[in-house]
Amino acid sequence: MAYIVFVNPDQVAAGGAGGWLAGEGADAAVLGQIWNSVFIGSILGAVVGTLLMAFLAKLPFAQACGMGLNSFFCTCFVSGAYFSNTDLITGYHSGLVIIFISGLVFLLLSATGLRSYIAKAMPDCLKKAIPAGIGLFIALIGFKNAGIIQDNPYTFVQFVDINGARLSGDWSPVIPAVVALLGLIIIGVFEKLRVKGSVILGILATTVLYYLFMWELPTFSLSAIGQSFSDFGKVGVVGLFDPAAWSAAFNGAHIGGVFNAVMLVITFCLVDMFDTLGTLYGTAAQADMLDENGDPVRVEKAMLCDSVATVSGSVFGTSTVTTFVESSSGVAAGGRTGLTSLVTALCFAICLFFSPLASIIPSAATAPALIYVGVLMVKNFAKVDMDDMLSAIPAFLTLIMMPLTYSIANGIGIGAIAYTLISLFTGKYTKKNIVVTVIAALFIVKFIFVTM
């Protein structure tokens with residue numbers, strides 16, 4: 001899981017001071033402050049969430065900022081703020097408010113048992129398509145960040161123009177793309193050979209290749225540790241207590257009004273819900289920790305830990321904290337109790353002092369990790385019944401609309417609408433479909449009245 005220490009601040013802060021949003025003209029210094037804040041906040045969120053799993057649920061599951069949700073956070077609140085002429089810090093803080101509210105809703109649903117009811121009421125095809133769609137969304141961001149996929153006015157997108165670099169003699173624009181592709185191959189080779197820590201080793205190997213190909217030396221200062229904590233205190237941990245953030249969360253130009261804020265809360269809740277449930281069931285099955293009903297032992301406590309971790313993460317200044325599928329590696333190594341989670345939390349705590357190392361990791365080195373996580377998540381789609389159009393069409397729309405509309409929310413909404421209409425007109429509609437119908441109705445209103 002250590003790769004999240006490098007990847008999460010890159011995703012939330014659009015690469016930070018040297019990232020793509022700074023290249024678009026955003027204030028690099030401010031993005032650097034957000035990056036530092038999220039770096040510390042991500043680790044603290046992981047420590048708190050994983051310690052809860054250790055002592056409250058007493059399960060070998062670890063938590064950290066969820067992939068996909070961190071990218072969605074950036075799209076809505078950081079890059080969204082910049083492109084709507086909203087102050088970047090205010091945009092970032094408004095996102096923390098939305099995460100905080102979604103965490104409280106999550107906490108309420110978990111405490112009352114409604115969370116399990118909603119999850120079970122959602123169509124199975126959408127449960128499988130949502131993580132797969134998020135996988136494509138994450139992979140697209142990885143391809144874009146590394147420059148592997150570029151804009152083209154005629155074909156919409158294109159592969160990196162290696163021939164153009166050859167003709168011009170300037171290879172610097174294509175080096176990140178080539179290095180990222182090599183990094184993905186490196187991770188794939190490590191995985192095939194069952195090398196432990198394949199993703200983090202791939203990131204480090206790709207970083208070395210990047211500096212070799214660019215023929216430059218990385219520079220860093222130990223003062224970066226102090227600067228990270230300083231920015232965390234000035235920008236990160238204070239965000240939720242900024243009155244302007246609460247106003248922007250519901251009235252900001254980058255949000256689009258109260259209704260859209262509500263839809264964002266619902267979206268973050270839905271994605272976190274299915275991500276957590278899928279991870280808990282899959283990992284518990286691997287650990288042989290299912291009860292007589294086929295449910296993970298102490299599942300309600302695990303969900304409670306997940307909810308509290310999300311609330312804590314928003315206080316620390318980071319995106320949604322959720323249970324990680326990489327917990328299965330701890331289970332595979334023999335972990336069966338909260339001791340596994342305790343050790344993982346302590347390892348995360350040590351990472352608080354790794355900011356100088358994190359600062360020299362280029363986006364070309366984290367992109368392969370994003371693409372690889374996408375590979376892992378897309379496999380969920382193989383479980384969809386593609387012979388039944390009631391499953392196939394909603395699942396496909398959910399899968400494809402997330403990357404094509406650059407929005408996890410849109411994918412969920414369009415899939416829910418398709419499922420409701422097909423089930424209604426084919427006589428397959430049941431009481432169980434009321435939940436998905438409500439979600440579909442909300443998204444129909446959103447698409448009509450809100451542009452996002």
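**Figure 1. Right-handed crossing of helices α9 and α18 in the predicted model.** Helix α9 crosses helix α18 in a right-handed sense, and the structure shown is a predicted model. Helix α9 comprises residues 175-192 and helix α18 residues 363-378; their axes approach within 8 Å and cross at roughly 50°. At this angle α9 is therefore oblique to α18. On the α9 side, the contact involves Pro176, Ala180, Gly183, Leu184, Ile187 and Glu191. These residues meet Ala364, Ala367, Pro368, Ala369, Ile371 and Tyr372 of α18. Sorted by class, the contact between α9 and α18 contains 10 nonpolar, 1 polar and 1 charged residues.

**Figure 2. Contact of helix α1 with helix α18****.** Helix α1 spans residues 3-12, and its axis comes within 10 Å of that of α18, with a crossing angle of roughly 100°. The two helices, α1 and α18, are therefore roughly perpendicular to each other. Helix α1 contributes Tyr3, Phe6, Val7, Asp10 and Gln11 to the contact, whereas α18 contributes Ser363, Thr366, Ala369, Leu370 and Val373. By class, the contact of α1 with α18 is made up of 6 nonpolar, 3 polar and 1 charged residues. Ala369 of α18 is listed in this contact with α1 and also in the contact with α9.

**Figure 3. Packing of helix α3 against helix α16****.** The view shows helix α3 (residues 28-57) and helix α16 (residues 338-350), whose axes lie 8 Å apart at an angle of about 165°. The arrangement of α3 is therefore roughly antiparallel to α16. The crossing in which α3 passes α16 is left-handed. From α3, the contact is formed by Ile43, Ala46, Val47, Thr50, Leu51, Met53, Ala54 and Phe55. The partners from α16 are Gly338, Ser341, Leu342, Thr344, Ala345, Phe348 and Ala349. The contact of α3 with α16 has 11 nonpolar and 4 polar residues, and no charged residues.

**Figure 4. The second largest cavity and its lining****.** Helices α7 (124-146) and α13 (258-286) each provide at least two residues of the lining of the second largest cavity. In terms of class, the lining of the second largest cavity comprises 5 nonpolar residues, no polar residues and 1 charged residue.

Terms used. Residues numbered from 1 in each chain as written. Predicted model: local features only at pLDDT ≥ 70, side-chain atom pairs only at ≥ 80, totals over all residues. Heavy atoms only, no water. Axes fitted to C-alpha atoms, helices over the stretch in contact; angles between N-to-C directions. Helix = DSSP H or I, 4+ residues; strand = E, 2+ residues; numbered from the N terminus. Parallel < 35°, antiparallel > 145°, perpendicular 65-115°, else oblique. Left-handed = near helix turned anticlockwise from the far one by under 90°. Contact = heavy atoms within 4.5 Å. Nonpolar A, V, L, I, M, F, W, Y, C, P; charged D, E, K, R; others polar. 1 Å grid on protein atoms, 1.4 Å probe; cavity = no way out; pocket = protein on both sides within 12 Å on 5 of 7 lines; lining within 4 Å.
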